[in-house]
Each structure stands twice: as structure tokens, then as C-alpha cells.
Amino acid sequence: MTLPGVRIAGTGSAVPERRLTNADLEAIVDTSDEWIRKRTGIVERRIIDPSKGEGQLSLATDALRAALDDANMVGADLDLIINASVTTEMTCPSNAHRIAATLDAQPAGAFDMQAACSGFVYAINLADSLVRSGRHKAIGVIGCDVMSSVVDYTDRGVSILFGDAAGACVLVPDENPDRGCIHQVIEGDGRGWEALYMPRREEDVVEGATGENIRLGCLRMDGRGVFRFAVTKFQQVIELALEQTGLSVDDVAQFVCHQSNVRIIESAKAKLGLPDDKVYINIDHYGNSSAGSVGLCFDQLRKAGKIVDGDIVVLVAFGGGMTWASSVWRV
Ligand code: COA
């Protein structure tokens, strides 16, 4: 039996209007615009305004609605929604179900998935497999994080990096079996989880921090440790993707990389000889939006005509867990 191919029928994204600039952060913590630009490449990030009712739910819904519009589809056409996020409002019900309700997608199945910054790539890989298997006919995939809800703005090692954003796509079967995801990795190493985590209770705090500087519910990060992990992993994951597909850098239209820190992306570019025009960077204006970043980049590239039907595109992400994932697409 030949399995169907998979087509990205539409993409969408959403970011809040409110901007948090480096100058704004200078007024909150001991940092400087120069340090942030030099060490991270970030100039500003978007963050939600909770007083306007904005949150993970609204941002994720907006992104999926835009992807459905782009695909000329409506919520009722979907039979599954996967919402990758570590910042949903509630754990029960899932935000995916509330998104389904808002978009009138019933009786679509829906669930939230937690894979931190790797979330969108984990989710698109899973959705590709479900469509290809014939079990699902139209899946809405969302990566969305509202990191401003879990950032301790007194912690300068964390507050400078993160922003809020959502990216989404709709996957449907395609009669061309060669279309869709042609290589994927969903992996992790839970032994390293302490480098990036959000403690709910005092006893979750592992690295001997004292009571005063622990903000429960907020992200704790070993920046240098994550940096070392990310630099190595980024390179390995891209090398493996090229090796296993037999593709060269020339064959790939775009490497869509998680926007973690511009120095991490630049390091992978230099080691692998990736040209500037094939590695999109938007961290300068959006910061690291965790699960939102790869979907946001993908949508922006597609809308700018830099990803078109038939292109080979490599998606790569890594994050808390520790997790990492890649996805090579014939779009
Ligand atoms: N402003 C000014 N100075 C700062 C600062 C800030 N916001 N944050 C740290 N510093 C200082 C440190 O105190 C340290 O000073 P010292 O040398 O006097 O001790 C110096 O800058 C270097 O600190 P370090 O933590 O080594 O900086 P860094 O170059 O590693 O940059 C991160 C810090 C967080 C930007 C960087 O480690 C990073 O991006 N890590 C990866 C994080 C990531 O990707 N997380 C998400 C995973 S998906």
C-alpha cells in the first residue's frame, strides 16, 4: 500500500502588538542595550497585554485561524488540533480544546503538547505521521508560547531573551507520496532537564537557590549550559538530516531554525557553511518565543515567497526537557 503524501495547506502566525525593547529592560534590570544586542542579537520582543485579555489561548487561536484562512478552510474541516506550548492557561481543559471550540472544530480531537522550544517541530512531525497513516485528514498544528507569563523580570539572565508568539499550519493528505516530511527526529535527554525548568513548588528547585530569588512558576535557566548544549546539538541535528536524506546545503531552500540566541544560529551557520540567505533570523524583533518561533519563521518566510511549493525546507529546534527535533520537508 502506498501511503499518501502530506501537504501544508496553509500557514499563519500571530504576535502581540506590545513591544518590550532593550531600553525598557534597562529600566527594570541591570543590563544594557549594547550587552543584549551583542550577546543575543535581540533588539525587542513582543509581549502580551493581559489587560486586553491576551494570552496563549488568544494568540494560538489567532495563528490557527490565519492558517485556516490561508488554506481556504474552516475549523470544521479539521479532525485534530495539536497545540504545542509550555504556557497554556490551564492544564484541564487543554487550550487545544478551547481553540477547537472557538473555531467550531468539533468533533475534532485536540490536545496540548509540552516539548518547550521544540514543541512546533515535535508537533508537525507527529501530525505528518498521522496524516500519512491515513488516520487523519486535516490537522491544525500550533506552536505558541507566552513566555512573558513565566519570565521573572528581575532575572537578567532570562528576561532579556524571551518574547511571545504563535505559528501554525494545517496539514492535509496529498496524492503525491513524495510530498511532506521526508526525514524527522523527535528526541531528547531527560537527564539534562535541570538546565531549563519552571518549578511549581519549592521542592522542585534543584540547584540550591535560596528562597528569596526563587519565583515559583517562573523559568529557571542555566544559560551557559543551555548555550553549550544548543551549539553542539544544532550542528549535529542538521548534519544528520542532510546525511540521512542525501541532500546537500545547495538542495535546501531554507533552514528554519529555532530563534534561541543569534550566536547559536551563527555558530551552526559557520560550522556547516550555510549561506545567509538560507537561514532566516527574526530574533532581533521577536526574541526567543519558545514553541512559537519555528512556526512564526516558517509563516513569515512563506508569506515573503521564500518558501514555495516544491522547496526542500529543514526545520530545527531544541529546548527544555532537554528536547531536540528536526523535520525535512518537500513542501
Ligand atoms: N546584562 C548584562 N550582563 C549580563 C547579563 C545581562 N542581561 N546577563 C549576564 N550578564 C553578565 C554575567 O553576570 C557575566 O558577568 P561576569 O563575567 O562579570 O560574571 C557575563 O555577563 C557573562 O555571563 P554569561 O552567563 O556567561 O553570558 P552569556 O554570554 O552566556 O549570555 C545568555 C547569557 C543567557 C544570553 C546565553 O547564555 C544564552 O543565550 N544561553 C542559551 C539560552 C537559550 O537559548 N535558552 C533557551 C533554550 S531554547
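Q: Before we start, what does contact mean here?
A: Contact means heavy atoms within 4.5 Å. This is a predicted model, where local features need pLDDT of at least 70, side-chain atom pairs count only at pLDDT 80 or more, and totals for chains, interfaces and linings use all residues. Residues are numbered from 1 along each chain as its sequence is written, and side-chain values use heavy atoms, leaving out hydrogens and water.

Q: OK, what share of contacts between residues at least 6 apart in sequence join residues at least 24 apart?
A: That share is 76% in the chain.

Q: And how much of the chain is buried?
A: Buried residues are 56% of the 331, where buried means under 20% relative accessible area with a 1.4 Å probe, protein chains only.

Q: Switching to rings, how many aromatic pairs are there?
A: Four. Rings of Phe, Tyr and Trp (its six-membered ring) pair if their centres lie within 6.5 Å; planes under 30 degrees apart are stacked, over 60 edge-to-face, the rest tilted. F229 and W324 make a tilted pair, 5.9 Å centre to centre with 55° between the planes.

Q: Is W324 buried or exposed?
A: W324 is buried, at 9% relative accessible area.

Q: Why is the F234 and F318 pair edge-to-face?
A: Their ring planes sit at 80°, with centres 5.2 Å apart, so the pair counts as edge-to-face. Both F234 and F318 are buried.

Q: Which residues do ring pairs link into a cluster?
A: F229, F234, F318 and W324.

Conventions: Buried < 20%, exposed > 50% of the residue type's maximum accessible area, 1.4 Å probe, protein only.
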